[in-house]
Amino acid sequence: MEEAEMRRHLERMQMQLYSLVEEKGSFVDPRVVELSQKIDRLILSIQRLRMQERIK
């Protein structure tokens, strides 16, 4: 997956997270935590991709 596609996916996930927090009214709801962790992993993937590009 290209960085631009990853960033678009990240933005969609962030919007889902905002909506889910509003719906659940809690940051500790299991679904909110799960989506937040997925976002964290995607951010790390984007950062790794950028680091690899800098090394080249």
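A: Searching the whole structure turns up four salt bridges, where the term means a side-chain nitrogen of Lys or Arg within 4 Å of a carboxyl oxygen of Asp or Glu. Before we zoom in, note that this is a predicted model, in which local features need pLDDT of at least 70 and side-chain atom pairs count only at pLDDT 80 or more, while totals for chains, interfaces and linings use all residues. Residues are numbered from 1 along each chain as its sequence is written, and side-chain values use heavy atoms, with hydrogens and water left out.

Some layout first. The protein has two helices and zero strands; these are DSSP runs numbered from the N terminus, with helices being H or I of at least four residues and strands E of at least two.

Let's start with the pair formed by Glu 3 and Arg 50, whose closest N and O atoms are 2.7 Å apart. Glu 3 sits in helix α1 (residues 3-24) and Arg 50 in helix α2 (residues 30-55), so this bridge ties together parts that are 47 residues apart in sequence. Arg 50 is partly exposed, at 34% relative accessible area. As for the wording, buried is under 20% relative accessible area, exposed is over 50%, and partly exposed is in between, using a 1.4 Å probe and protein chains only. By that rule Glu 3 is among the buried residues of α1.

Next up is Asp 29 with Arg 31, where the closest N and O atoms are 3.6 Å apart. Asp 29 counts as buried at 16% relative accessibility, whereas Arg 31 is partly exposed at 47%.

Then there's Lys 38 with Glu 34, a salt bridge at 3.6 Å, N to O. Both residues belong to α2 and are four residues apart, about one turn of the helix. That spacing makes sense because an α-helix has 3.6 residues a turn, so residues three or four places apart point the same way. Both ends are partly exposed: Lys 38 at 38% relative accessibility, and Glu 34 at 41%.

Now for what lies around these pairs. Besides Glu 3, the buried residues of α1 are Met 6, Leu 10, Met 13, Leu 17, Leu 20 and Val 21. Looking down the axis of α1, the buried residues fall within an arc of 95°, so they line one face of the helix; the arc is that of the directions from the helix axis to the C-beta atoms. On the face turned away from that buried side you'll find the exposed residues Met 15, Glu 22 and Glu 23. The buried side of α1 packs against α2. On the α2 side, Val 32, Leu 35, Ile 39, Leu 42 and Ile 46 are buried, and they pack against α1.

For one view of the packing, take Leu 35: setting aside its neighbours within four places in sequence, it is in contact (heavy atoms within 4.5 Å) with Met 13, Gln 16, Leu 17 and Leu 20.

What about the helices themselves? The 22 residues of α1 should span 32 Å at 1.5 Å a residue, and its end C-alpha atoms are 31 Å apart, which agrees; the expected span is 1.5 Å times one less than the number of residues. Helix α2, with 26 residues, reaches 38 Å from first C-alpha to last, close to the 38 Å expected. Gly 25 follows α1 and has a positive phi near 70°.

Stepping back, the C-alpha trace spans about 45 × 15 × 10 Å along its principal axes, and 23% of the 56 residues count as buried. Of the contacts with a separation of 6 or more, 57% are between residues 24 or more positions apart.
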